[in-house]
Amino acid sequence: MPTVRTLHNSRQENLNPTEENQTTATHIGIGSDGTAKSVTDDGLDSETLISPIAQSSRNGNSLTLRAFIDSTQGNGTDIREVSLEGDGTGSTTLAVEALPSGEQIGKDSSTTVTVDITITTEDESEI
């Protein structure tokens, strides 16, 4: 998942010993707009729900974060985008991605959704 400028700025601040700002990924958001995302995005285009991260795991240079959307949440929404959030309000978006063009998840009371976000850190030489 592509990260956005907010995450990069936060990590830079965290490296500065004079800064007290600590941003931590705490939530995953879903939205209904499927517009392609970029590093300059600052949030979901059409946010419908933000859910706390339920699980996390790290494997080498990859961090995977998981949220569960149960049968009572986000009903009546076509999920077309997801985000990684630094708070429960959606005001600190760290990464955002749209589903591939034409794809969506129709959310209703008979559907539960598991959202996994994996962020991989790579050196420029590895790309």
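This is a quick briefing on a protein chain, going from the overall fold down to a few residues. The model is predicted, so local features need pLDDT of at least 70 and side-chain atom pairs count only at pLDDT 80 or more, while totals for chains, interfaces and linings use all residues. Residues are numbered from 1 along each chain as its sequence is written, and side-chain values use heavy atoms, with hydrogens and water left out.

**Overall make-up**

- The protein chain has 1 helix and 9 strands; helices (H or I, at least four residues) and strands (E, at least two) are DSSP runs, numbered from the N terminus.
- Reading from the N terminus, the order of elements is α-β-β-β-β-β-β-β-β-β.
- Of the 127 residues in the protein chain, 35% are buried. Here buried means under 20% relative accessible area, exposed means over 50%, and partly exposed is in between (1.4 Å probe, protein chains only).
- Take the contacts in the protein chain with a separation of 6 or more: 69% of them link residues 24 or more positions apart. A contact means heavy atoms within 4.5 Å.

**Confidence**

- Mean pLDDT for the protein chain is 83, and 80% of the residues score at least 70. pLDDT is the predictor's confidence in each residue, from 0 to 100.

**The four-strand sheet**

- An open sheet is built from 4 strands in the order β2-β1-β6-β7, with antiparallel pairing. Two strands pair if DSSP finds at least two bridges between them.
- β2 (47–52) and β7 (93–98) are at the edges with a single partner strand each, so one side of each has no neighbour in the sheet.
- From one strand to the next, the twist averages 20 degrees. Axes are lines fitted to C-alpha atoms, for helices over the stretch in contact, and angles run from 0 to 180 degrees between N-to-C directions.
- Strand β1 (residues 27–31) and β6 run antiparallel and are joined by 5 bridges; G31 has E81 in β6 as its bridge partner.

- E85 is in strand β6 (residues 81–85). With a relative accessible area of 0%, E85 counts as buried.
- The E85 side chain makes a polar contact with the side chain of T93, at 3.0 Å. A polar contact is a pair of N or O atoms within 3.5 Å; within protein, one must be able to donate a hydrogen and the other to accept it, and residues adjacent in sequence count only if both atoms are side-chain atoms.
- Leaving aside neighbours within four places in sequence, E85 has contacts including T24, H27, I50, G90 and T93.
- D87 sits in the loop between β6 and β7.
- The side chain of D87 makes polar contacts with the side chain of T89 at 2.9 Å and with that of S91 at 2.8 Å.
- Not counting residues up to four places away in sequence, D87 touches T26, H27, I50 and T92.

**The three-strand sheet**

- A further open sheet has 3 strands in the order β3-β4-β9, with antiparallel pairing. Its edge strands are β3 (55–59) and β9 (113–120), each of which pairs on one side only.
- The twist here averages 15 degrees from one strand to the next.
- β3 is joined to strand β4 (residues 62–69) by 5 bridges, and the two run antiparallel. S56 has L65 in β4 as its bridge partner, and R58 stands opposite L63 in β4.
- β3 and β4 form a hairpin with 2 residues between them, and G60 in the turn has a positive phi of about 60 degrees.
- β3 is hardly covered, with 0 buried residues among its 5.

**R66**

- R66 belongs to strand β4 and counts as partly exposed at 27% relative accessibility.
- R66 and I53 are 13 residues apart in sequence, and 5.6 Å apart in space from C-alpha to C-alpha.
- Apart from neighbours within four places in sequence, R66 is in contact with I28, P52, I53, A54, Q55, T114, V115 and D116.
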